[in-house]
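Please look over the model shown below before reading on.

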Amino acid sequence: MSELSTKRDWKQIDWKATLQYNVFRSVCSIPGWLLLLYFSSKQFQPIMFLLPIVYFAFWLPLGLICGWLSKLGVPLVGIITGISSIVIVFGDPVVWLIHKLKPNLVSIENPKFLDFHLIVFVIKNPETIPLCPFVGRVVSDEHIEFMGEIFPLHKTLFIIKEDWSVETLKDKYFGFVDVNGCIKKGRLQKGIDPRETNIGAIVDYLDNGICNDPQNNRIGQFDVLIESASDSISESSNGTSTLPYSEENHKELLSRLSEISIKRKLEKADFPEWYKTCPFAGEVKALESIDYLGTAWSTKETVFDIDYRGMVKTPYDENFGYVEENGDIIKDRENNLEPEKVASIKGNFCYGNNQKIGQFINQTN
């Protein structure tokens, strides 16, 4: 998860838990300071029992003010912020140990052994990704040239999904939108977290329903209701009808493709023009007899079977995983574990475990 931003996550802060945790840190820092001062002066310093009061009344406000001044460019004041954090960091190892022995006594799940933050904010459901407020389409509001293409009036530029991912009519893996409304190119390997605002290059950004490019030129507007005349049902050269992109058509298409894939191998003819098929559709065949992924593979045996959707299966696992745009083969894992990269297609070969494991044969039909 991204670093907490008080501006962005203000409403998500659990103030009661925040107060409890930081008071607990300050109280737990007392033994450390008592020992340190005793060994340095050979005298017991009972005044250190007032440390929590002194910390919240003096060191915390001083550190926050100096931290703010440091961000404004004032030199050296950041040192004072560091000193202020050291006052309370003595309690972190004690908090960490208590959490290991009695987790219910600590108000957060995973306290750090040493946390040099002046104050640790506790937020509600920190791992829960919020609902996307940008679900819909971005359409051109004039005839424009954008991303190397010509878009007529009211042509769909982007489709923003409920999971924060962004598609175009030609690329279903185009990118994602972050919590600030910035549309970015590229899918994050470990999944999309819209709070990661510092990741990815901005392609466009949404501001009060208007879509602007990085140079602040208006290119379109956000509107789920506008339908493009050029998006209407068209007739292909072979006489078959091709459906335009729409949320309903997309879901229907994916359902139909899943049914077809059970009966036979998917072909390019199964996809409408707007669907960007996976460039790595094909098979990876073992170059020689190898032990890989806990299985013994014989020469020329199919290790991975990749369809035009980018879905990957093996002879032993129908739902193995998927392939990324860069050719990385990702294995889906159960129990909410992060997907794992297991191989990568580069040119005519597939590599895994730092060795060439197979030959990649592209599907042509």
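**From a surface patch to the cores**

Trp-96 counts as partly exposed, since its relative accessibility is 30%, a value that lies between the 20% below which a residue is called buried and the 50% above which a residue is called exposed. The model in which this value was computed is a predicted one. Trp-96 has its place in helix H5, and together with Ile-86, Leu-97, Leu-101, Phe-113, Leu-114 and Phe-116 it forms a nonpolar patch on the surface, whose members have about 690 Å² of accessible area together. Helix H5, which spans residues 92-101, gives the most to this nonpolar patch, namely three residues.

Ser-26, in helix H2 (residues 15-41), is in another setting: with a relative accessible area of 0%, Ser-26 is buried, because buried means under 20%. The side chain of Ser-26 reaches the backbone oxygen of Val-23 at 2.7 Å. When residues up to four places away in sequence are not counted, Ser-26 touches Leu-51, Pro-52, Phe-56 and Ile-88.

The largest nonpolar core holds 20 residues, of which Tyr-292, Phe-304, Ile-329, Ile-345 and Cys-350 touch the most other members. Two or more residues of this core come from each of strand S13 (282-286), strand S14 (290-292), strand S16 (302-306), strand S18 (317-323), strand S20 (340-346) and strand S22 (355-362).

Technical notes. Residues are numbered from 1 along each chain as its sequence is written. This is a predicted model: local features need pLDDT of at least 70, side-chain atom pairs count only at pLDDT 80 or more; totals for chains, interfaces and linings use all residues. Side-chain values use heavy atoms; hydrogens and water are left out. Helices (H or I, at least four residues) and strands (E, at least two) are DSSP runs, numbered from the N terminus. Buried means under 20% relative accessible area, exposed over 50%, partly exposed in between (1.4 Å probe, protein chains only). A polar contact is a pair of N or O atoms within 3.5 Å; within protein, one must be able to donate a hydrogen and the other to accept it, and residues adjacent in sequence count only if both atoms are side-chain atoms. Contact means heavy atoms within 4.5 Å. Patches are made of residues with over 30% relative accessible area and no salt bridge: like charges are joined within 9 Å, nonpolar side chains (Val, Leu, Ile, Met, Phe, Trp, Tyr) within 5 Å. Accessible areas come from the Shrake-Rupley method with a 1.4 Å probe; for residues, only the protein chains shown count as cover. A salt bridge is a side-chain nitrogen of Lys or Arg within 4 Å of a carboxyl oxygen of Asp or Glu. A nonpolar core is a set of buried Ala, Val, Leu, Ile, Met, Phe, Trp, Tyr and Cys residues joined through side-chain atoms within 4.5 Å.
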